[in-house]
Amino acid sequence: MSGHVHKDYTGAKFGMWLFLFTEVLLFGGLFILYSVYLARYPQAFVAGGAQLNVWFGGANTLILLTSSLMVATSITALRRGATSLCLGLLGGTVACAALFLVNKFFEWSAKIGHGIYPGSAHLKELPPGEMVFFNIYYLTTGLHGIHVVIGAIVLTWTMVFIKTGRVNAHDWVILENAGLYWHLVDLIWIFIFPLYYLILH
Amino acid sequence: MTEDPAHIVPYRTFILVWLTLLALTGITIGVAQVHFGALNIWIALGIATLKSALVIAFFMHMKDETTLFKLALLAALAILAIFIGLTFFDVLYRS
């Protein structure tokens with residue numbers, strides 16, 4: 001193709017937002033599940049939440065908020081022509097994603113070590129409300145973890161596009177959309193953290 | 001890319017939003033240690049909603065988007081609210 005290539009920035013971005021809305025409804029379903037069972041088993045949910053480690057959850061909150069800052073500033077860097085800064089910020093974001101997953105690995109390992117995992121003999125002995133709490137906890141944080149992995153892959157892929165010049169200071173919609181996806185991952189965690197880790201009372 | 005090339009969000013804005021988000025995270029952890037009964041969950045949700053609003057408005061640039069984007073977001077949130085509302089309309093009134 002020669003000459004002018006039509007680019008629809010608004011269309012591309014709007015498409016991404018529509019996709020993000022379906023993600024919000026997907027996680028929204030899990031939050032509805034959470035809230036219905038919280039209303040049914042308030043005591044058991046408090047007991048369950050007390051067994052989660054606030055430090056793991058808090059550290060991962062810090063990691064995701066910081067990674068979101070890096071993605072947001074990477075767009076400014078790219079548009080100002082600071083390509084290597086942009087790549088550094090995106091590399092930092094991917095590193096944050098890895099750190100998040102390492103944290104999650106240790107957190108889940110400790111829980112599984114205590115016999116708390118879906119279908120475990122120990123979980124079946126717990127009161128029904130606590131069993132439900134941990135099942136939804138694994139489902140929600142697991143699905144969120146998959147999103148972290150996908151986000152890291154998408155951002156790495158975007159970094160390749162920036163290196164090859166396909167994404168640049170004048171054509172950055174791919175970075176914009178990859179960034180939107182990453183911010184959604186952060187948004188979901190903003191709700192997961194208080195609902196699962198902080199329901200101490 | 002034709003859209004508003006002049007408008008580049010400065011680093012400072014993002015850093016201020018990030019600092020606010022960190023402060024709100026600290027507040028939500030602090031408040032959770034105090035016993036307010038059933039109110040705790042509503043405070044936690046309120047702070048989480050405020051944090052999301054900041055992420056959406058600034059990090060996701062919704063503040064600078066056209067009305068179409070804002071209406072679409074509103075519609076998506078309204079649908080979610082209807083789902084939640086109808087679910088509880090059922091669950092809370094079961095005997």
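This is a predicted model: local features need pLDDT of at least 70, side-chain atom pairs count only at pLDDT 80 or more; totals for chains, interfaces and linings use all residues.
Ile79(B) is partly exposed, with a relative accessible area of 37%.

Ile79(B) sits in helix 3 of chain B. Why can Ile79(B) not be called buried or exposed? Its relative accessible area is 37%, and that value falls in between because buried means under 20% and exposed means over 50%.

Ile79(B) also belongs to a nonpolar patch on the surface. The other members are Leu25(A), from chain A, and Ile82(B), Phe83(B), Ile84(B), Leu86(B), Phe89(B), Leu92(B) and Tyr93(B), from chain B. Together these residues account for about 930 Å² of accessible area. Which element gives the most to the patch? It is helix 3 of chain B, residues 67-91, with 6 residues.

Let me turn to the domains of chain B. The chain is divided into domain 1, covering 8-63, and domain 2, covering 65-95. Their C-alpha centres lie 21 Å apart. In terms of contact, 5 residues of domain 1 of chain B meet 4 residues of domain 2 of chain B. The area buried between these two domains is about 370 Å², with 65% of it on carbon and sulfur atoms. How many salt bridges does the rule find across this domain interface? The number is 0.

Next comes the interface between the chains. The size of an interface is often given as the accessible area lost when the parts come together. For chain A and chain B, the buried area is about 4,400 Å², and 78% of it is on carbon and sulfur atoms. The contact involves 51 residues from chain A and 49 residues from chain B.

How many salt bridges cross the interface of chain A and chain B? The rule finds 1. Glu65(B) forms a salt bridge with Lys13(A), and the closest N and O atoms of the pair are 3.0 Å apart.

Finally, I move to chain A and to Ile146(A), a residue of helix 6, which spans residues 128-164. Ile146(A) is partly exposed, at a relative accessible area of 48%. This value is under the exposed class because that class requires over 50%. How far apart are Ile146(A) and Val185(A) in sequence and in space? They are separated by 39 residues in sequence and by 9.8 Å in space, taken from C-alpha to C-alpha.

To close, I return to the chain interface: about 4,400 Å² is buried between chain A and chain B, and the rule finds 1 salt bridge across it. Thank you.

Methods
Residues are numbered from 1 along each chain as its sequence is written. Chains are lettered from A and ligands numbered from 1 in the order in which they are written. Side-chain values use heavy atoms; hydrogens and water are left out. Patches are made of residues with over 30% relative accessible area and no salt bridge: like charges are joined within 9 Å, nonpolar side chains (Val, Leu, Ile, Met, Phe, Trp, Tyr) within 5 Å. Accessible areas come from the Shrake-Rupley method with a 1.4 Å probe; for residues, only the protein chains shown count as cover. A salt bridge is a side-chain nitrogen of Lys or Arg within 4 Å of a carboxyl oxygen of Asp or Glu. Helices (H or I, at least four residues) and strands (E, at least two) are DSSP runs, numbered from the N terminus. Buried means under 20% relative accessible area, exposed over 50%, partly exposed in between (1.4 Å probe, protein chains only). Domain bounds come from an automatic or database domain assignment. Contact means heavy atoms within 4.5 Å. Buried area is the accessible area (1.4 Å probe) that two parts lose on being put together, summed over both.
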